[in-house]
Amino acid sequence: MAQHWPAPWGRSLGCAGSPTRPNEYYFGATGGGLWKTVDGGNEWKPVTDGQVTSSSVGAVAIAETNPDIVYIGMGEVQLRGSITQGDGVYKSEDAGKTWKHLGLKETQAVARIRIHPTNPDIVYVAALGHPYGDNEERGVFRSTNGGDTWEKILYASPKAGAVDLIIDRKNPDVLYATTWQVYRKAWKMWGGGGDSKLWKSVDGGDTWTDLTSNEGMPEGPIGKIGVTVSPVDSNRVWVIVEANEGGVFRSEDAGKTWERTNDERKLRQRAFYYSRIYADPLDKETVYGLNTRMYKSTDGGKTFDTIIKTPHGDNHDLWIDPNNPDRMINSNDGGGNVTINGGKSWTDQDFVTTQFYHVMATNDVPYHVAGAQQDNSTLAMPSDGWDHMQARGPNKDWYYAVGGGESGWITQHPENLDIFYAGSQGALLTRYDRSNGQIRDIQVYPRFFSGEPAEALPERWQWTFPIMFAPQDANVMYTCSQHVWKTTNDGQSWEKISPDLTYADPTTLGKTGGVITMDMNGPEIYATVFALAPSFHDINTIWAGSDDGKIHITRDGGKNWEDITPEGLPKFSRVSIIDESKHRPGTLFVAANRYQVDDRQPYVFKTHDYGKTWKKITNGIADGHFARAIREDHVRQGLLFLATEHGVYFSMDDGQQWQSLQLKLPDTPIRDVVIKDNDVVLGSHGRGFWILDDIQPLRQYKDEMKNQSAVLFAPSDAIRGISDATIQYYLQNETDTITFEILDANDKLIDTFTGSKPKYEEDPNIPWWKKGGRPNLRLQEESTPLRGIYDIPVLRSLKE
């Protein structure tokens, strides 16, 4: 029986199945790697963990002649506000067991991979390129040797990449491709222009002809184009075109002339996020269009009146069995799902590709973990899963929503643990009482601003904005637009306590969407206070960081604010998380990033003098591992944890040197990290919540311990029925047997535990504290393991 997790999904842009293996499918998660099923979609497992260095799989292709050959292309081409970049193309020759990187690293966003139907060594890749800047490694690439080498065979410009590609099954030398001129910044997505085109090749990609201006095609400007060719009739080709007079166009002469068959907005709304069309493999009159819903036409593309209900909205990819059109796999904002009856029913989305924006830990015992899920709601659940379940939701479920919405920050009332405050897009801010399920809207400035640019708004609210209490006063709560706001009466009224704390560059506050379609739905609202840190030491001290690169401080409760931005933090940097030291007044740690201006380097800073001087602390952080969040341990001064786009780092010397703490955590974006009690809690943007249990070895480490033959770390306090006693230790040399004696305060023996032949890590690069045992009153093979709350994959390895 499959486990059913609470709405665990995250979006998928690419999927594929096998004509010869009817129960085998793959889908790519945008932050969770590649997933595979061998039982028709009942159970899914990740198959790229530990083998790929990007979490975002945007394209999947299986060789029809050999289903053991699988290609995946990394990165996202549906350019919403929260996207993850990739690192090229990978190949498996054993049905997903092992993977080899094939290059094209700087493509960053792969739209399609197409394999020749009879020769799996001939492969085509449609690459959009850098979403956030111009680059040359974009367009259509071809390999004739199974991906060992690539040649660029279609290139429009450094500003345009390939966004769709199809092979004519009747004549595989015929290909159709589309290029899209587009770029994204944090404050804008701008698509369309002269390099957005429809192309055709009749010689396997050696040469290409521009079809964009052929008879019947819409006049420019042109934006995004999706294309498909009928496997039944090579002369029948469909495109869906973003244009002022756009829609679905059909050709009956292989692209020479065109006729618009449908112009309904339901097929071409938000063209930048959809614009994909698929021909039925056996019926030339049937064609599918994907958008918020999945639509089917049985009259050659004239009407799309049949709605195929998928388990989740926002549809992005479709694979149809070339021999049986009733068998499909569909990718949408909930992941992948399979049908064997033409879409009448689909498999469930039982996999954890959940995308969280932040993570928080409650003060319950055991503590609960909460976050806002992209394309879903907020979610909270006990940190120990259901082992010691405390049903706290209004329906006594072991998981529950806490108000807000898909993108928000969450905080719990410091004294009344049943009260939660949560935000979401559009300035939503709610107060939720989990004891009775009551919810109240307490947003600061109620105004529905979808369709308006940032420059038109009195208050600019980011997709996700801070919500937090003053540590010294449970009646004082803050939230942020471009201003800092304060309430002392539970959100009944709000006081503005700052001026605009951003650059507010007019070039970042205008319209967004492109030359054809304006798309202003909230993600591009910019120049806001994105990070806040009310002081632990002084209620009048508040630190603030903006999403365009400013850092300010007030030391008089908001009457006056000082700009303390570090010299090394350029304009247009997102100050993602700031964390004040609980040990040292005047000390602040900053995690910032600039990937949305095509700079993927980490920006991490600290100050010990209230921002008068700053030091950049990035030694040991790998290139491309840009920073998302930073936290200092509340027990050991100078023990820091850093969340990055590719996992987690820690430092034991106040950030002078960072080391990876990845262990077996999959490569996935870590958006936030918090330290709760003795645990490190992660919120990933693609693989749900994760917990690193009991960090006492890190807290108690001293240099001289490396020279000791044995080290026993003082255990954390156990709580009867809640958390077991855990003993962690280090042995310098291997031993066959180890015995623990548990004594009471009078040295009376209570119990004895013995283990034998532990497995040791042999890698000399692994730090010493990972090599010891970590028994839970039993011998354990791996120290400081990770536990995935959603039970994927559980890394606690116990020898019973």
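Close-up 1. A627 is found in strand β49, strands being DSSP runs of E with at least two residues and helices runs of H or I with at least four, numbered from the N terminus. The model is predicted: local features need pLDDT of at least 70, side-chain atom pairs count only at pLDDT 80 or more, and totals for chains, interfaces and linings use all residues. Residues are numbered from 1 along each chain as its sequence is written, and side-chain values use heavy atoms, with hydrogens and water left out. A627 has a relative accessibility of 0% and counts as buried (buried means under 20% relative accessible area, exposed over 50%, partly exposed in between, with a 1.4 Å probe and protein chains only). Leaving aside residues up to four places away in sequence, A627 touches A591, A592, N593, P602, Y603, V604, L642, A643 and T644, where contact means heavy atoms within 4.5 Å. V590 is 37 residues from A627 along the chain, and their C-alpha atoms are separated by 9.2 Å.

**Close-up 2. The largest nonpolar core and V484.** A nonpolar core is a set of buried Ala, Val, Leu, Ile, Met, Phe, Trp, Tyr and Cys residues joined through side-chain atoms within 4.5 Å. The largest one holds 56 residues, of which Y478, V484, L532, F641 and L682 touch the most other members. V484 has contacts with Y478, T479, E495, K496, I497, S498, L501, L532 and W561, not counting residues up to four places away in sequence. Another core, of 17 residues, lies apart from it and includes L211, M217, V241 and A243.

**Close-up 3. The largest pocket.** Its volume is about 1,000 Å³. The lining consists of 39 residues, and A361, T411, F536, K582 and R631 are the closest to the centre. The search uses a 1 Å grid over the protein atoms alone: a pocket is an open set of points with protein on both sides within 12 Å along at least five of seven lines, a cavity is a set where a 1.4 Å probe fits but cannot get out, and lining residues have an atom within 4 Å of a point. Grid points are joined across faces, edges and corners, and a volume is the space filled by probe spheres set on the points. Strands that each supply at least two lining residues include β29 (360-361), β41 (529-534) and β49 (627-632). β45 gives the most, with five residues. By class, the lining has 21 nonpolar, ten polar and eight charged residues (Ala, Val, Leu, Ile, Met, Phe, Trp, Tyr, Cys and Pro count as nonpolar, Asp, Glu, Lys and Arg as charged, and the others, Gly among them, as polar).

**Close-up 4. The largest cavity.** The count comes to eight cavities of 30 Å³ or more, and the largest has a volume of about 700 Å³. Of its 37 lining residues, E64, R114, I166, R169 and W319 lie nearest the centre. Among the strands that each supply at least two residues are β1 (12-17), β9 (110-115) and β26 (315-321). The lining divides into 25 nonpolar, six polar and six charged residues.

**Close-up 5. The second largest cavity.** This cavity has a volume of about 250 Å³. It is lined by 19 residues, with Y357, Q462, W463, R574 and R671 the closest to its centre. β14 (175-185) and β45 are the elements that give two or more residues to this lining. By class, there are six nonpolar, seven polar and six charged residues.
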